[in-house]
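Look at the sequence and the model together. Then work through the short sections that follow.

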Amino acid sequence: MATTRQEQILRTAATLFAERGFHGVSVHDIGAACGISGPALYRHFAGKDAILSDMLVGISKTLQSGGRARLAAAADPKDALDALVAFHIDFALTNPALIVVQEREWPNLDPASRTTVRALQLDYVDAWVEVLRALRPELDQRTARAAVQATFGLLNSTPHSARISADAMAELLTQMARRALLG
């Protein structure tokens with residue numbers, strides 16, 4: 001699958017934002033890293049704020065739609081949980097820069113994008129909560145949500161974790177997530 005220039009810019013900007021922070025990167029830095037002039041970026045994005053917005057809304061849409069698709073395809077709640085855990089771990093391990101940007105650059109997101117991202121994130125959380133409560137009906141909504149969000153903290157720690165092979169890390173995270181959620 002060919003990568004569009006916009007996808008290249010978003011991927012490059014994510015790496016730079018993760019390394020240097022949003023305010024430590026200029027449009028010229030992003031352009032240079034993509035092999036184009038800074039001003040050429042304006043053909044694709046209104047500016048650096050728009051890049052951040054598209055990036056964080058995009059990853060939130062990816063997680064929300066991917067989570068809902070796995071929930072719909074699962075035969076039962078156990079299969080749904082396994083699919084959600086595997087999906088999130090794969091995302092976290094293959095997109096560490098996006099995890100860092102999401103965690104660190106939230107305050108730099110414009111209010112409208114924050115509202116969109118938050119709604120998508122909550123729907124993604126709710127997909128997990130639905131599955132968890134089916135497996136653990138003794139959990140009330142708030143407790144299940146807290147457990148899911150704490151598990152996300154675990155899974156999203158991968159950019160900061162000691163490095164072992166991706167397969168070993170995925171297996172370790174899978175075991176830890178299942179134990180955290182199922183007790």
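## One residue and its contacts

Which residues does Ile-9 touch, not counting residues up to four places away in sequence? This is a predicted model. In the model, Ile-9 touches Ile-30, Cys-34, Ile-36, Leu-41, His-44, Phe-45 and Ile-51, with those sequence neighbours left out.

## The helix around Ile-9

Ile-9 is one of the buried residues of helix H1.

H1 spans residues 5–20, which makes 16 residues. From first C-alpha to last, H1 reaches 22 Å. That is close to the 22 Å expected at 1.5 Å a residue. Next comes Gly-21, with a positive phi near 85°.

## The nonpolar core

In soluble globular proteins, nonpolar side chains tend to be buried together. Here, the largest nonpolar core has 56 residues. Ile-9, Phe-17, Ile-30, Ile-51, Met-55, Trp-128 and Val-148 touch the most other members.

At least two core residues come from each of H1, H2, H3, helix H4 (77–94), H5, helix H6 (111–135), helix H7 (141–155) and helix H8 (166–182). H6 gives the largest share, 9 residues.

## The annotated domain

An unreviewed UniProt entry annotates residues 3–63 as "domain: HTH tetR-type". In the model, this span is 66% helix and 0% strand. The C-alpha atoms at its ends lie 20 Å apart.

Terms used
Residues numbered from 1 in each chain as written. Predicted model: local features only at pLDDT ≥ 70, side-chain atom pairs only at ≥ 80, totals over all residues. Heavy atoms only, no water. Helix = DSSP H or I, 4+ residues; strand = E, 2+ residues; numbered from the N terminus. Expected span 1.5 Å × (residues − 1). Buried < 20%, exposed > 50% of the residue type's maximum accessible area, 1.4 Å probe, protein only. UniProt positions renumbered as here; feature names shortened; annotations may be inferred. Core = buried A, V, L, I, M, F, W, Y, C linked by side-chain atoms within 4.5 Å. Contact = heavy atoms within 4.5 Å.
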